[in-house]
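The following exercises concern one protein structure. Each task is followed by a solution in steps.

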Amino acid sequence: MKFIVLFSFFVFNAKGIAQCEIKNRVQADGSMVYYFEPAVFYTTKTKSLKINIVTDKEHYFVALQPTPFPDKKVGKKIKDDLVIHLSDNKTYKLVHYDTQYRRNDSIMQVLYLIDDKDLNAFSNYEAVSAEINMQGTEFVRSYNFKLHKNAIVEQLKCFLKKEEN
């Protein structure tokens with residue numbers, strides 16, 4: 001019985017630590033960004049959306065990785081803001097920050113800036129849905145999230161907790 005209790009303690013403790021596995025990457029301009037592995041928020045046979053939080057320790061961004069995504073020439077035209085609905089029944093507009101193609105253009109990532117005044121809402125309410133203008137590919141893609149809806153909350157809490165320490 002003691003073994004089961006001890007084993008359970010380690011499993012749940014390791015799971016809590018793993019959730020805050022912050023990674024970092026040096027950008028082309030030499031600045032450092034911190035991020036989590038993207039979580040799948042939406043998936044069907046024809047499209048999917050992965051989301052994660054990225055920070056430069058000054059600003060926080062929602063990073064979207066839609067699939068399928070347009071080629072670079074068309075994708076760089078994506079400049080519209082992201083509309084995201086949280087479980088507090090409010091709608092938030094995040095300003096487009098950057099569109100990047102990574103890993104030899106096999107991944108497209110669009111960064112949207114979380115306004116400082118909205119940081120509290122994003123760290124307390126799960127994401128419900130989002131609309132993205134995919135300029136040049138179709139009008140607006142709408143996603144009603146089914147998976148990992150609380151990933152943004154968990155990732156922001158990890159970053160904010162790390163800042164406090």
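**Exercise 1. Determine the handedness of the disulfide of Cys-20 and Cys-158 from the torsion about its S-S bond.**

Solution. 
Step 1. A disulfide is taken as a pair of cysteine sulfur atoms within 2.5 Å. The sulfur atoms of Cys-20 and Cys-158 lie 1.9 Å apart and meet this criterion.
Step 2. The torsion about the S-S bond is about -80°, so the disulfide is left-handed.
Step 3. The bond links distant parts of the chain, 138 residues apart: Cys-20 is in the loop between α1 (2-18) and β1 (23-26), and Cys-158 belongs to helix α4 (residues 151-164). Helices (H or I, at least four residues) and strands (E, at least two) are DSSP runs numbered from the N terminus.

The model is predicted: local features need pLDDT of at least 70, side-chain atom pairs count only at pLDDT 80 or more, and totals for chains, interfaces and linings use all residues. Residues are numbered from 1 along each chain as its sequence is written, and side-chain values use heavy atoms, with hydrogens and water left out.

**Exercise 2. Classify Cys-20 and Cys-158 by relative accessible area.**

Solution. 
Step 1. Buried means under 20% relative accessible area, exposed over 50%, and partly exposed in between (1.4 Å probe, protein chains only).
Step 2. Cys-20 has a value of 31% and is therefore partly exposed.
Step 3. Cys-158 has a value of 7% and so counts as buried.
Step 4. For the protein chain, buried residues make up 38% of the 165 residues.

**Exercise 3. Describe how strand β7 pairs with β6 and with β8.**

Solution. 
Step 1. Two strands pair if DSSP finds at least two bridges between them.
Step 2. Strand β6 (residues 82-86) and strand β7 (residues 91-102) run antiparallel and are joined by four bridges; within this pairing, His-85 is opposite Thr-91. Four residues separate the strands of the hairpin, in which Asn-89 adopts a positive phi near 65°.
Step 3. Seven bridges connect β7 with strand β8 (residues 107-114), again in the antiparallel sense; Thr-99 faces Val-110 across the pair, standing opposite it. This hairpin has four residues between its strands, and Arg-103 takes a positive phi near 50°.

**Exercise 4. State the order of helices and strands along the protein chain.**

Solution. 
Step 1. The secondary structure comprises four helices and ten strands.
Step 2. Along the sequence, the pattern reads α-β-β-β-β-β-α-β-β-β-α-β-β-α.
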